[in-house]
Amino acid sequence: MERGAIGQTRGMSTPLTTVSKLAVVGAGSVGSSVAYAALLRGSARTIALYDVDTAKVDAEVLDLAHGSALAGGSSVIGGDDITAVAGADVVVITAGARQKPGQTRLDLAGTNVDILRSLLPQLLEQAPDAVFILVTNPADVLAYAAARIAGLPEGRVMSSGTVLDTSRLRWRLATRLGVAARSVHASMVGEHGDSEFGLWSSATIGQVPIRQWRDPSGEIALDEEALATLEREVAGAAYAVIQGKGATNLAIGVASARIAEAIIRDEHAVLPVSTPLNGWHGFDDVAMSMPTIVGRTGAVRRLEVPMDEQEEQQMRASAEAMRTVQADLGL
């Protein structure tokens with residue numbers, strides 16, 4: 001696979017094992033989209049969907065199962081019994097209050113942390129060896145909270161982080177510059193939210209540093225103002241979708257399935273997931289996204305990505321935004 005496809009991989013063509021299982025918690029628009037994307041991609045042999053809303057989850061499971069014979073070879077199970085997630089290799093948690101128009105991800109923090117405190121011990125009982133992926137917002141605060149609640153080895157709890165934001169960025173750059181998105185090697189990092197930023201100092205198109213990329217006339221294509229505008233557009237992309245349709249669900253479904261299959265297939269893919277930093281670059285007591293090797297045990301190793309002075313400052317600002325919310329929640 002070409003470098004830059006949001007997660008370089010060593011096993012994209014690896015057949016699914018007969019025992020791989022992906023559990024999705026929450027049958028709302030996001031959870032159903034995760035299950036649907038995983039079904040189409042063949043992310044796991046078994047896809048289990050769990051929700052306490054019996055009618056909703058039963059309908060979603062039935063709808064997905066109806067298309068399974070035409071998809072990637074996965075079977076679909078689920079319902080309102082939490083034993084549906086038993087033995088899962090990966091558990092994707094989407095359950096929680098939904099972000100409303102005009103509401104930031106951090107506004108959701110209190111409600112969704114309380115849900116997590118109740119839900120996570122039950123999931124651990126059913127799937128004690130699973131890797132847990134938080135998709136519910138605010139994803140970074142919940143990843144930090146979940147790691148503390150679960151008490152699991154480092155790397156087995158993460159959030160989807162800026163995997164989707166990075167996809168948005170690469171799509172925008174590819175469209176603007178007239179290149180394939182897979183040839184864009186740039187990442188959004190930090191908070192999955194308003195303080196996220198682009199790692200421009202190490203970003204390239206092919207092997208060309210992004211700040212040196214020229215348009216067909218020979219002019220520099222992206223100056224500092226243009227890069228800053230791209231950051232703002234990507235950070236605000238979810239709000240535009242929410243304003244128009246009430247929620248973001250399809251793209252995060254694809255992003256979550258991508259992370260799950262990197263774990264199940266032990267790809268050692270590089271993905272900007274969010275994990276507790278624990279001393280990385282001097283950051284503690286906070287979870288944020290940076291390019292990370294993702295494999296069978298979860299977040300295997302966070303990369304030592306070079307950052308310029310401005311990026312270091314932006315990372316500190318992102319960390320402080322997270323810590324402020326965590327302090328208010330007593331985390």
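Predicted model: local features only at pLDDT ≥ 70, side-chain atom pairs only at ≥ 80, totals over all residues.

Colleague: Why does Ala150 count as buried?

Modeller: Buried means under 20% relative accessible area. Ala150 has 15%, so Ala150 falls in that class.

Colleague: Where is Ala150 found?

Modeller: In helix 4.

Colleague: Which residues does Ala150 touch, leaving aside neighbours within four places in sequence?

Modeller: Ala150 is in contact with Leu120, Leu124 and Val157.

Colleague: And how far is Ala150 from Leu116?

Modeller: Their C-alpha atoms are separated by 10 Å. Along the chain, Ala150 and Leu116 are 34 residues apart.

Colleague: What about helix 3 and helix 4, at what angle do they pack?

Modeller: The angle is about 45 degrees. The axes are 10 Å apart. Helix 3 covers residues 109–126.

Colleague: Why give me both an angle and a distance?

Modeller: Because two packed helices are described by the angle between their axes and the distance between the axes.

Colleague: What do you call that arrangement of helix 3 and helix 4?

Modeller: Helix 3 and helix 4 are oblique to each other. The crossing of helix 3 past helix 4 is right-handed.

Colleague: Which residues meet there, from helix 3 and from helix 4?

Modeller: Helix 3 brings Asn112, Val113, Leu116, Arg117, Leu120 and Leu124. They meet Val141, Leu142, Ala145, Ala146, Ile149 and Ala150 of helix 4.

Colleague: Now helix 9. How does helix 4 cross helix 9?

Modeller: The axes of helix 4 (residues 139–150) and helix 9 (residues 309–328) come within 10 Å. They cross at roughly 55 degrees. That makes helix 4 oblique to helix 9. This crossing of helix 4 and helix 9 is right-handed.

Colleague: Which residues make the contact between helix 4 and helix 9?

Modeller: From helix 4, Asp140, Val141 and Tyr144. From helix 9, Met322, Val325 and Gln326.

Colleague: Is Asp140 buried or exposed?

Modeller: Asp140 counts as buried, at 1% relative accessibility.

Colleague: What does the side chain of Asp140 make a polar contact with?

Modeller: The side chain of Ser274, at 2.7 Å.

Colleague: Leaving aside its neighbours within four places in sequence, which residues is Asp140 in contact with?

Modeller: Among them are Ser159, Gly190, Glu191 and His192. The list also includes Ser274, Ala287, Met288, Ser289 and Met322.

Colleague: New topic. How many salt bridges does a search of the whole structure find?

Modeller: It finds 10 salt bridges. One joins the side chains of Lys56 and Glu60, at 2.6 Å from N to O.

Colleague: Where do Lys56 and Glu60 lie?

Modeller: Both lie in helix 2, residues 54–67. They are four residues apart, about one turn of the helix.

Colleague: Buried or exposed, that pair?

Modeller: Lys56 counts as partly exposed, at 34% relative accessibility. Glu60 is buried, with 17%.

Colleague: What does Arg211 form a salt bridge with?

Modeller: With Glu224, and the closest N and O atoms are 2.7 Å apart. Arg211 lies in the loop between strand 11 (208–209) and helix 6 (224–235), and Glu224 lies in helix 6, so the pair ties together parts that are 13 residues apart in sequence.

Colleague: How accessible are Arg211 and Glu224?

Modeller: Both are partly exposed, Arg211 at 29% and Glu224 at 44%.

Colleague: And what does Glu267 form a salt bridge with?

Modeller: With Arg258, and the closest N and O atoms are 2.9 Å apart. Salt bridges that share partners join Arg41, Arg258, Glu261 and Glu267 into one network.

Colleague: Are Glu267 and Arg258 buried or exposed?

Modeller: Glu267 counts as buried, at 1% relative accessibility. Arg258 is buried too, at 9%.

Colleague: Last one. Where is Thr175 found, and is Thr175 buried or exposed?

Modeller: Thr175 is found in helix 5, residues 163–177. Thr175 is exposed, with a relative accessible area of 54%.

Colleague: Which backbone oxygen lies 2.8 Å from a polar atom of the Thr175 side chain?

Modeller: The one of Trp171.

Colleague: How far apart are Thr175 and Leu134 in space?

Modeller: They are 30 Å apart, C-alpha to C-alpha. In sequence, Thr175 and Leu134 are 41 residues apart.

Notes:
Residues numbered from 1 in each chain as written. Heavy atoms only, no water. Helix = DSSP H or I, 4+ residues; strand = E, 2+ residues; numbered from the N terminus. Buried < 20%, exposed > 50% of the residue type's maximum accessible area, 1.4 Å probe, protein only. Polar contact = N/O pair within 3.5 Å; in protein donor to acceptor, adjacent residues only side chain to side chain. Salt bridge = Lys/Arg side-chain N within 4 Å of Asp/Glu carboxyl O. Axes fitted to C-alpha atoms, helices over the stretch in contact; angles between N-to-C directions. Parallel < 35°, antiparallel > 145°, perpendicular 65-115°, else oblique. Left-handed = near helix turned anticlockwise from the far one by under 90°. Contact = heavy atoms within 4.5 Å.
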